[in-house]
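Here is a briefing on a predicted model.

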Amino acid sequence: MTRSDAPALAVEGLAFRYPGASGVVLEDLSLRMESGERVALLGPNGSGKTTFVLHLNGLIERQVGSVIVAGLPVQDGNLREIRRRVGMVFQDPDDQLFLQTVRDDVAFGPSNLGLRGAERDQRVDDALAAVGAAALADRNPYQLSGGEARRAALATVLSMQPDLLVLDEPTSGLDPVGRRELAELLVTLGSTQLIVTHDLPFALATCSRAVILDRGRIVADAPTRSLLEDRELLGRHRLEWPIGFDLAR
Amino acid sequence: MSGSHRGNLRRLHVAVDSPVHRLDPAAELVGTVAFAVVVAGTPRHAVAVFALEAAVLVVVVVVSRIGARRVLARLAVVTPFIVFALAIPFVAHGPRTEVGGVPVSTEGLWAAWNVVARTTLGATAAIVMSATTPLPSMLEGMARLHVPRVVVAIVSSMVRYVELLAAQLARMRTAMVSRGHDPRWLWQVGPVAASVGMLFVRSYERGERVHGAMVARGFTGTLVVSDRPAVATADWVAALAPAAVSAVAVVVWVVGR
Amino acid sequence: MLVAMHAPDGFLGPGVAVVTAVISIVVIGLALRHASAELDDRQVPLAGISAAFIFAAQMFNFPVAAGTTGHLLGGALAAILLGPWVGALVVAVVVVVQALLFADGGITALGYNVLNMAIVPAFAGWALFLLWRKVMPRSSGGVVGAAGLACGMTVVLSATAFSIEWLFGATAPIPFDTVFGAMVGVHALIGIGEGLLSALVVGAVMAARPDLVAGARDLSAEEIGDRRPVGARAFAIGGVLVAIVFAVVVSQFAFDDPDGLERVAQDHGFIDRAQDHAVAGSPFADYATRGIGNAQLSLAVAGLAGVVVTLLVAYGLTTATRRVPPRWSLHTTSSS
């Protein structure tokens, strides 16, 4: 199934509506990502970003279209492997860190993959080291700062050694230093990443390519800088630079 | 009816090192329950046995190095029952005894003593356990005692989120107070109750998101995994010693009467 | 007596402790199975966080009068929001954790504490809620009103359940009538606050996410939209009236002391020798059934109260909810 030349992510003609709801949330959405790429997914509130993201590891059952992760289609029978491949970092770290210690949470994924003992411990240590959170291992998630919680949440999926990292609004609730540190961390990780955000400076700092999702479709796909320079395009999709921010500087 | 004593979950554990802290949590749980059962089963007239049980507990508290003052502070939980107990001799029926010139029910006196002794001893045992066992270890202990894994997982989620929700509620209360809302009477309770309703909605939605985060990492129904070996015999012996000593004392008292 | 809700170790006799423990374990075991069926593997985070919610709500102080505060018990409220099975499970978890971690309620008292605070409120509260729903309009306001009345009355039922347990496991020579009168009297007052708070909480949830109220799942969108406000003040006045009725009934038992000769006989311990053991199982059983000087009447009252509680619990058990539909189904590996 998996071919080395397969794109990291290939989404084709995805459409979705919530059962019982009238409007469609996703409409003929297509997106392709190559291995090693970092792509920013921009879009206003209610554009369908989170719904789209939940399709990538099959948390929402696909209705129309296809989602293929590194050559493996997201469908019944593949879900266990898909969830290993797609590391999903949710918007609120308190949703992601549900156990009593950071170490337990980072070990949760590997445990579900069937790893035990030294092998699992190694995964946990590596993941914590990768995000610079080794010192947080025995802390309770409730006691972490925003930046610490975000890094711990990232470690909980890195320990599953995913092929594709998906981050939903990773900068929400972070202070400026936390934001900068997270941007640096994501760049050094070097994995394939889809970063869902409406934090435009953050998108520029981390991703060379950006796409805009609005009303369930990809409406723009370009290098991040050129896309963000098109203020008229941004304005049409309820996106704008922070007040007083000058892209030229 | 005050809930203020139910403080911070994380502050229950007293982080010092002692033989009691090092006890296997599974053994300590069983030992605590066994001790509470023996205390509850000690005949009310066996004052000497209660004294022995208290002495055993004092030894455990000293060995555990959690500090008598902390134990006493947390024993405040049982104050309402002590107050209630003091009322029993006056309410109870039966033959009367004079205490300081006031006629009180003899059996009522014994009943009051019974409530005070059992409540204090049982509560102290529970306090020692939660002070010497961090929450994650306690959950692991429950899992190893074959408490159904769903129950352990539910308790684990509850313990994880209770402070978060309490903090959310407190922030809503702060936002109300800062807008001049200072309810003093039951009919002014509307906004406060509404905030509790909102908390339920947010909690439930968080539950759905947490479930998503669990499933995204391959959740199969188990939250608490334990790699620890079986409980060592020495731990069983140490943990059950207080209950065993007390049980022997009860038997000796009953037989010797 | 209000404190007897979180009863400590040895508060009731060992027989009652064991019997109620067995009943509680069986019912909570059933609740686990039903919760699994209703929620699948969502039950771990949903029941866990709902338990955290009840715990947090109990920690929160509400104003009662002149700045004094009280707190929510939440047993029936949990059933109305989550359905009786999940509600009973969630509150039982809270009660057990409070005993183990906070020494709040005895470990050996868990049998009757879980029964009185989780199981009776969940199922009897659910039954009362369904009964009140029948006489209330099919609207948000009807759900809120039924919730308030059911939650308030459930507090009294819990107190009744405790009184009946006292009959079988009294640890002091206090007659059933006194215990019943004091418990029901005090809890009728607590019930006013509990009912009012619960109604307002349910109202807030109905306004935001009516689909989350298990007890309102049969309502159509139009019926939910029919939102007549429930005035807190009017509700409080109604609650006070109910409480007065309770109090009048209860005072017949609570303050009807034995008169002259009988009192002397009691004080000198004649009557306990003269009377037969009406209820076995406790050294104070003969006291427990005495009070207004008539064991038969006491027993009749206790028996009637027991029948009412049992019928309500049984009705709640048999009418418990169907599967709770998720907003959308998360695709789990176990289902694939």
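In chain A, 64% of the contacts (heavy atoms within 4.5 Å) with a separation of 6 or more join residues 24 or more positions apart. The model is predicted: local features need pLDDT of at least 70, side-chain atom pairs count only at pLDDT 80 or more, and totals for chains, interfaces and linings use all residues. Residues are numbered from 1 along each chain as its sequence is written, chains are lettered from A and ligands numbered from 1 in the order written, and side-chain values use heavy atoms, without hydrogens and water.

**Fold of chain A**
- Chain A has 10 helices and 10 strands, taken as DSSP runs (helices H or I, at least four residues; strands E, at least two) and numbered from the N terminus.
- Its C-alpha trace spans about 55 × 45 × 40 Å along the principal axes.

**Burial and surface**
- Of the 249 residues in chain A, 58% are buried (under 20% relative accessible area, 1.4 Å probe, protein chains only).

**R74(B)**
- R74(B) sits in helix α4 (residues 68–74) of chain B.
- R74(B) is buried but has no salt bridge (a side-chain nitrogen of Lys or Arg within 4 Å of a carboxyl oxygen of Asp or Glu).
- The nearest side chain of opposite charge is D104(C), 9.8 Å away.
- Beyond its neighbours within four places in sequence, R74(B) contacts L12(B), I127(B), S130(B), A131(B), L101(C) and F102(C).

Note on methods:
Buried means under 20% relative accessible area, exposed over 50%, partly exposed in between (1.4 Å probe, protein chains only). Lys and Arg count as positive and Asp and Glu as negative; His and the chain ends are not counted.
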